[in-house]
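Look at the structure below with its sequence beside it. The paragraphs that follow go through one chain, then the place where two chains touch, then a single residue.

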Amino acid sequence: MFNLEEQISEWRKQMLAAGIKSPVPLEELEIHLRDEIERQIKSGLNEQKAFEISVQQIGPSKALGSEFKKGERTFMKQTIAMLLALPGTVLGGGMILPALGQWRDRGVLHLGPLLVGITLAIIAGCAVIHGVKTYRGAQGRKLISVFLIAAGSFYVVPLLQAFFISKVDLTGWFFCAGLAVTSILFYGGCLYRIWHSPAPAS
Amino acid sequence: MIRKELVAASAEPLILSLLAQGESYGYAIIQEIKARSDGKLQWTDGMLYPVLHRMEHRGLIKARWGESETGRKRKYYSLKKDGKTAMAKHHEQWSLVHSVLAGLKKESYV
């Protein structure tokens, strides 16, 4: 004897095994399945036939599971990009700013830390650009905005503070000001991009 | 029957254009597309949901849970501002493709 509820429960198990999460999106898929079964029954089919056709129409569990996972993979890539950007920004800034400070105060330019810092900052910049290009949804937009403001201020605020509390050395400040302006343009540009254009295609 | 690559490519503009007429839910969207295309645009029903979820994450559409007249729970989707912009862009691009194709077709009959 065919039992519709038992069959739906079995179908749910298959979907869960394919990696489709509950309650969302599994619940939504089940509602769709029930709507279709109802329509098929109204058109004259018995419960068993209506169930079989509806399951076929909704698609195989493995294919559905892999489609849902595609979206999750993109989100993971974006999160990894942001996680790379964070230490890159902090370490990069942590090497560039003291190197510039020493050059300003003592006239000694330590190229090693400066170059490593710039490389890290460039890697962080690339990760930020990737994050901005692939951000997803309002939550992603807010998260990246907070990151951009924090990262930008990491370069800009100490320079502004130092500018107002120490003597002005035009040679050193020329580069510091350049770094600050570049940071403002880069992080500001990223902010403008994510708030004034639609989310990118996935 | 329309090729699956074209069906996949047209999913987003069609969903956005349908939602521009008012909020709707997955099952109704599928039925509407089938009816409007005389059944020629056939989606595997379940494949609509990953597309809807991706569009929701990208901020093109928003969703809310509600109840139908029959008391069944439903997830209703509606268009957001970014979705309207994306829809206008889709219309522009698909119109361009259509006009190029139509022009070429016309020339081939001359």
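**From chain to residue**

Chain A has 7 helices and 0 strands, where helices (H or I, at least four residues) and strands (E, at least two) are DSSP runs numbered from the N terminus. Read from the N terminus, its elements follow the order α-α-α-α-α-α-α. The model is predicted, so local features need pLDDT of at least 70 and side-chain atom pairs count only at pLDDT 80 or more, while totals for chains, interfaces and linings use all residues. Residues are numbered from 1 along each chain as its sequence is written, and chains are lettered from A and ligands numbered from 1 in the order in which they are written.

Of the 202 residues in chain A, 27% are buried; a residue is buried if 20 or more other C-beta atoms lie within 10 Å of its own, exposed if 12 or fewer, and partly exposed in between, with C-beta atoms placed from the backbone.

Now turn to the two chains together. In all, 21 residues of chain A are in contact with 22 residues of chain B; contact means that the C-beta atoms of two residues, placed from the backbone, lie within 7 Å. On chain B, helix H2 (26–36), helix H3 (48–57), strand S3 (73–79) and helix H4 (81–109) each give at least two residues to the side that touches chain A. The largest share of that side, 6 residues, belongs to H3(B).

Finally, Gly66(B) lies in strand S2 (residues 61–67) of chain B. Why does Gly66(B) count as exposed? Gly66(B) counts as exposed because it has 12 C-beta neighbours inside 10 Å. Apart from neighbours within four places in sequence, Gly66(B) is in contact with Arg74(B) and Tyr76(B).
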